[in-house]
Amino acid sequence: MQRKSDHLKGDYSISRKPVEFPDRTLRCRHEIKYHISESKAEAIIQFIKPYIQMDRYSKLHRGGAYPISSLYLDSNTLRLCKESLLGHKNRFKLRVRGYTDEPEYPRYLEIKRRMNTIIIKSRARVMEKDIPTLLEGLPLPPQNYTADTETINQFQLYIDSIKAKPVVLVRYMRRAYEGTSRNRIRVTFDYELAYCTTNLPQVRLDGGGWRRNAFTVGGVILEIKFTDYYPVWLSQMVKYFNLRQRSISKYASSIRDACLLKFCAPRVIG
């Protein structure tokens, strides 16, 4: 197996043709998160290989890691960030996700809702040039592709409900593994978490202004997602590697770090 240093170079300006990234555990799922060391991540990858395989998107990238960038939206008072930090059982996030900086490939409007322990995600495919229009609450101009207008309308209603605007970009490299059973088990490893405060309606991976998120320096965010039941082999993995579940928000931890460094206002910490 390649070492992490061999397959995660932080090269976010990927030039080859990107692919569509439909998350096969979208809509309704359970989600469990852990913060682990890089060495433990490599050991867990070896453990899970007999049960689930690298997903088709990871297979297309060197070392199995592909880049993700998300533009998060929030109110002027950072309401959504505060709700995440306080652990509200019912909350939501608004983001625009991209996998490349090439403008001719799609971005995705995403609503991520938590209802107690259940995660519900909705996403709509859009083009980069339309993001400013949509974030202003205006209708999507005529397109040469089929758009999920229902999800777009829901996204805009959420924006209007809290007067949300762009606040931060969050990027990382992901290795993903998933099963083919009806249970839709998906295990992801997220490395090199970084953020860039911004008020621009633009999703990007490259460019200046990025800072490493102190929370994950030298570590990995492990996420386990499933739609039905928790299989025995996952329980065995958690016990064998002595994993301790914790609440982790890439968005909220990035805002918290930015506020500590005086990069944002209002402050969300004392």
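Ser69 sits in strand β3, which covers residues 66-74. Keep in mind that the model is predicted.

**Exercise 1. Work out whether Ser69 is buried or exposed, and which residues Ser69 touches.**

Step 1. Start with the accessible area: the relative value for Ser69 is 1%. The cut-off for buried is under 20%, so Ser69 counts as buried.

Step 2. Now list the neighbours, leaving out residues up to four places away in sequence. Ser69 touches Val96, Arg97 and Gly98, then Leu169, Val170 and Arg171, and also Val203, Arg204, Leu205 and Trp210.

Step 3. Check what the side chain does. The side chain of Ser69 reaches the backbone oxygen of Arg204 at 2.7 Å, and Arg204 is on the contact list too.

**Exercise 2. Find the partner of Asp55 in a salt bridge, and say which parts of the chain the pair ties together.**

Step 1. A quick reminder first: side chains of opposite charge can pair when their charged atoms come close. Searching the whole structure turns up 17 salt bridges.

Step 2. Asp55 meets Arg186, side chain to side chain, with 3.0 Å from N to O.

Step 3. Asp55 is in the loop between β2 (53-54) and α3 (56-59), while Arg186 belongs to strand β8 (residues 186-197), so the pair ties together parts 131 residues apart in sequence.

Step 4. Look at the cover. Asp55 is buried at 2% relative accessible area, and Arg186 is buried at 5%.

**Exercise 3. Trace the salt bridge of Lys250 and the network around the pair.**

Step 1. Lys250 forms a salt bridge with Asp190, and the closest N and O atoms are 3.0 Å apart.

Step 2. The pair links distant parts of the chain: Lys250 is in helix α8 (residues 250-260) and Asp190 is in strand β8, 60 residues apart. Both Lys250 and Asp190 are buried.

**Exercise 4. Say how much of β8 is buried and which strands pair with β8.**

Step 1. Count the cover: 11 of the 12 residues in β8 are buried, so the strand is mostly covered.

Step 2. Take strand β7 (residues 165-178). β7 and β8 pair in the antiparallel sense over 10 bridges, and Arg171 has Ala194 in β8 as its bridge partner.

Step 3. Move to strand β10 (residues 219-226), which runs antiparallel to β8 with 5 bridges joining them. Here Thr188 has Glu223 in β10 as its bridge partner.

Step 4. Finish with strand β9 (residues 211-212): 2 bridges join β9 to β8, again antiparallel. Ala194 has Arg212 in β9 as its bridge partner.

How values were computed: Residues are numbered from 1 along each chain as its sequence is written. This is a predicted model: local features need pLDDT of at least 70, side-chain atom pairs count only at pLDDT 80 or more; totals for chains, interfaces and linings use all residues. Side-chain values use heavy atoms; hydrogens and water are left out. Helices (H or I, at least four residues) and strands (E, at least two) are DSSP runs, numbered from the N terminus. Buried means under 20% relative accessible area, exposed over 50%, partly exposed in between (1.4 Å probe, protein chains only). A polar contact is a pair of N or O atoms within 3.5 Å; within protein, one must be able to donate a hydrogen and the other to accept it, and residues adjacent in sequence count only if both atoms are side-chain atoms. Contact means heavy atoms within 4.5 Å. A salt bridge is a side-chain nitrogen of Lys or Arg within 4 Å of a carboxyl oxygen of Asp or Glu. Two strands pair if DSSP finds at least two bridges between them.
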